[in-house]
Amino acid sequence: LLYSKDAQFKAKQRKKLYIPVIISIVIVLFSIVSYNYTKNAWKNSETIWTNTLKHYPDSKIAYDSRSNYYLNTGELNNAYKDIKKSLELSPNNSYALLSLAYYQYYMNKNDSALIVINSERNKYEYKREFTELTGMYYIQQKDFILAELYYDSLIYDKPENYKFRNK
């Protein structure tokens, strides 16, 4: 009888030990799978936002962010496709309009860029960016007096924007 109770006790102890071991194995396996997924899916902004668009194809934020990546890497045709899609999803999307203005500026479509800039610059959202882009436009046009006025307005609005004075 004593031996039987001792064997039952040991069997219960082993069962109690199995549960934490199984949970630990599941956690380790999940960690390995997650690590491999993120290693491949999060190489750079492009892969993050492309992956996001696979799961959420109507995400204007993902299109905006990926277009920003493309603008920064000089992939202007890809940027334009994403800007266009973002504006289809949300026609009044200020960030996509800012990206469109940058795209047009980089493509030397300066008059088109200025039209977008002037329609959006006085809105509160992205006002600094639109004003900076206007200054860049006037520098490109060699109208340094107007460029200086826009850069000075940035400093007036926010004194820590003094870095624009040295452009």
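This is a predicted model: local features need pLDDT of at least 70, side-chain atom pairs count only at pLDDT 80 or more; totals for chains, interfaces and linings use all residues.

Me: How is the confidence of the model to be read, and where is it lowest and highest?

Reply: Confidence is given as pLDDT, on a scale from 0 to 100. For this protein the mean pLDDT is 84, and 89% of the residues reach 70 or more. The lowest confidence belongs to helix 1 (residues 2-41), with a mean of 76, and the highest to helix 4 (residues 76-89), with 96.

Me: Returning to Gln140, is this residue buried, partly exposed or exposed?

Reply: Burial is judged from relative accessible area: under 20% is buried, over 50% is exposed, and the range between is partly exposed. Gln140 has a relative accessible area of 30%, so this residue is partly exposed.

Me: Which residues does Gln140 touch, apart from its neighbours within four places in sequence?

Reply: Contact requires heavy atoms within 4.5 Å. With neighbours within four places in sequence set aside, Gln140 contacts Tyr105, Asn108 and Asn110. Between Gln140 and Asn110 there are 8.9 Å from C-alpha to C-alpha, at a separation of 30 residues in sequence.

Me: How should I read the packing of helix 6 against helix 7, and at what angle do the axes cross?

Reply: The axes of helix 6 (residues 110-120) and helix 7 (residues 127-140) cross at roughly 150 degrees and come within 10 Å. Helix 6 is therefore roughly antiparallel to helix 7. The crossing of helix 6 past helix 7 is left-handed.

Me: Which residues make that contact between helix 6 and helix 7?

Reply: Helix 6 contributes Asn110, Asp111, Leu114, Val116, Ile117 and Glu120, while helix 7 contributes Phe130, Leu133, Thr134, Tyr137, Tyr138 and Gln140. By class, the contact of helix 6 with helix 7 has 7 nonpolar, 3 polar and 2 charged residues.

Me: What is the angle between helix 5 and helix 7?

Reply: Under 35 degrees, an angle counts as roughly parallel. Helix 5 packs with helix 7 at about 10 degrees, their axes being 11 Å apart. Helix 5 is therefore roughly parallel to helix 7. On the side of helix 5 the contact involves Ser94, Leu97, Leu98, Ala101, Tyr102 and Tyr105; on the side of helix 7 it involves Glu129, Phe130, Glu132, Leu133, Met136, Tyr137 and Gln140. The contact of helix 5 with helix 7 comprises 9 nonpolar, 2 polar and 2 charged residues.

Me: What is the phi of Asn108, and where does this residue lie?

Reply: Asn108 has a phi near 60 degrees, a positive value in a residue other than glycine. The residue belongs to the loop between helix 5 (94-106) and helix 6. Its relative accessibility is 54%, so Asn108 counts as exposed.

Me: What is the phi of Lys142?

Reply: Lys142 is not a glycine, yet its phi is positive, at about 65 degrees. This residue sits in the loop between helix 7 and helix 8 (144-157). Lys142 counts as exposed because its relative accessibility is 62%.

Me: Is Ser59 buried or exposed?

Reply: Ser59 is in the loop between helix 2 (45-55) and helix 3 (60-73). With a relative accessibility of 17%, Ser59 counts as buried. Apart from neighbours within four places in sequence, Ser59 contacts Leu53 and Leu89.

Key: Residues are numbered from 1 along each chain as its sequence is written. Side-chain values use heavy atoms; hydrogens and water are left out. Axes are lines fitted to C-alpha atoms, for helices over the stretch in contact, and angles run from 0 to 180 degrees between N-to-C directions. Helices (H or I, at least four residues) and strands (E, at least two) are DSSP runs, numbered from the N terminus. Angles under 35 degrees count as roughly parallel, over 145 as roughly antiparallel, 65 to 115 as roughly perpendicular and the rest as oblique. A crossing is left-handed if the near helix is turned anticlockwise from the far one by less than a right angle, and right-handed if clockwise. Ala, Val, Leu, Ile, Met, Phe, Trp, Tyr, Cys and Pro count as nonpolar, Asp, Glu, Lys and Arg as charged, and the others, Gly among them, as polar. Buried means under 20% relative accessible area, exposed over 50%, partly exposed in between (1.4 Å probe, protein chains only). pLDDT is the predictor's confidence in each residue, from 0 to 100.
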